[in-house]
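Visitor: Good morning. Could we go through this structure together, one part at a time?

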Amino acid sequence: MYQQMIFPNLAVNDLDASKKFFTELGYSINPQFSDETAASVVVSEHIVIMLLTKEKYAGFTKKTIVDSAKSTEVLLCLSAESREKVDELVDKAIAAGGTETGEKQDHGFMYGRAFDDPDGHTFEIMWMDPAVVQG
């Protein structure tokens, strides 16, 4: 059966620094879809983040590229398999040069934290009790 994938494209200021940041989080770079203007960050089998230089990104749109350090256009939310994994990934992001953003969200059945990558893109990491999700 076909499984839809998602490829969020993010404009970055320094491609090498962004690649280093995401590999320090434990993700890999797919060299087949990477070059000096883009990096393909494999998050999972169905999620691949494309890091693009601003010049490359501009080739896909006629709109102004937002300064992600000052403005936001999207919040990227990734699930985690446990509360501990939420903390582990956010702590890795902070150690790799990211910044924790917002307040910790703890609703018992759902737990989350967020960080900004070095370019200011916001990633929310959340865990939800599988028993609640299944209803």
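**The open sheet**

Guide: Strands (E, at least two residues) and helices (H or I, at least four) are DSSP runs numbered from the N terminus. Please note that the model is predicted, that local features need pLDDT of at least 70 and side-chain atom pairs pLDDT 80 or more, and that totals for chains, interfaces and linings use all residues. Residues are numbered from 1 along each chain as its sequence is written, and side-chain values use heavy atoms, leaving out hydrogens and water.

Visitor: OK. How do S2 and S3 pair, and over how many bridges?

Guide: Strand S2 pairs with strand S3 (residues 38–44) in the antiparallel sense, over three bridges. Two strands are said to pair if DSSP finds at least two bridges between them.

Visitor: And in what order do the four strands of the open sheet come?

Guide: The order is S1-S4-S3-S2, and the pairing is mixed. Strands S1 (9–12) and S2 (28–30) stand at the edges with a single partner strand each, so one side of each has no neighbour in the sheet. From one strand to the next, the twist averages 35°.

Visitor: What packs on the sheet?

Guide: Helix H1 does, touching S1, S2, S3 and strand S4 (47–53). Contact here means heavy atoms within 4.5 Å. The direction of H1 makes about 155° with that of S4. Such angles run from 0 to 180 degrees between N-to-C directions, with axes fitted as lines to C-alpha atoms, for helices over the stretch in contact.

Visitor: Back to S4. Is it parallel or antiparallel to S1?

Guide: S1 and S4 pair in the parallel sense, over four bridges, and Leu-10 stands opposite Leu-51 in S4. With S3, by contrast, S4 pairs in the antiparallel sense over six bridges. The bridge partner of Ser-40 in S4 is Met-50. S3 and S4 form a hairpin with two residues between them.

Visitor: Why is S4 largely enclosed?

Guide: Six of its seven residues are buried, so S4 is largely enclosed by the rest of the structure. Buried means under 20% relative accessible area, exposed means over 50%, and partly exposed lies in between (1.4 Å probe, protein chains only).

Visitor: New topic: how many aromatic pairs are there?

Guide: Rings of Phe, Tyr and Trp (its six-membered ring) pair if their centres lie within 6.5 Å; planes under 30 degrees apart count as stacked, over 60 as edge-to-face and the rest as tilted. By this rule there are four aromatic pairs. One of them, Phe-22 with Phe-123, is edge-to-face, at 5.7 Å centre to centre and 65° between the planes. Phe-22 lies in helix H1 (residues 15–24) and Phe-123 in strand S8 (residues 122–128), so this pair ties together parts 101 residues apart in sequence.

Visitor: Are Phe-115 and Phe-123 stacked or edge-to-face?

Guide: That pair is stacked, because the ring centres of Phe-115 and Phe-123 are 5.4 Å apart and the planes are at 10°. Both Phe-115 and Phe-123 are buried. Phe-21, Phe-22, Phe-115 and Phe-123 form one aromatic cluster.

Visitor: And which residues of the largest nonpolar core touch the most other members?

Guide: Of its 25 residues, they are Phe-22, Leu-51, Phe-123 and Ile-125. A nonpolar core is a set of buried Ala, Val, Leu, Ile, Met, Phe, Trp, Tyr and Cys residues joined through side-chain atoms within 4.5 Å. Several elements supply at least two residues each, including strand S5 (75–79), helix H3 (83–95) and strand S7 (110–116). The largest share, four residues, comes from H3.

Visitor: Where is Leu-25?

Guide: Leu-25 is in the loop between H1 and S2, and counts as buried at 4% relative accessibility. Not counting residues up to four places away in sequence, Leu-25 touches Leu-89, Lys-92, Ala-93 and Phe-115.

Visitor: Last one: with which side chain does Thr-122 make a polar contact?

Guide: The side chain of Thr-122 makes that contact with the side chain of Asp-116, at 2.6 Å. A polar contact is a pair of N or O atoms within 3.5 Å; within protein, one must be able to donate a hydrogen and the other to accept it, and residues adjacent in sequence count only if both atoms are side-chain atoms. Thr-122 lies in strand S8 and is buried, with a relative accessible area of 13%.
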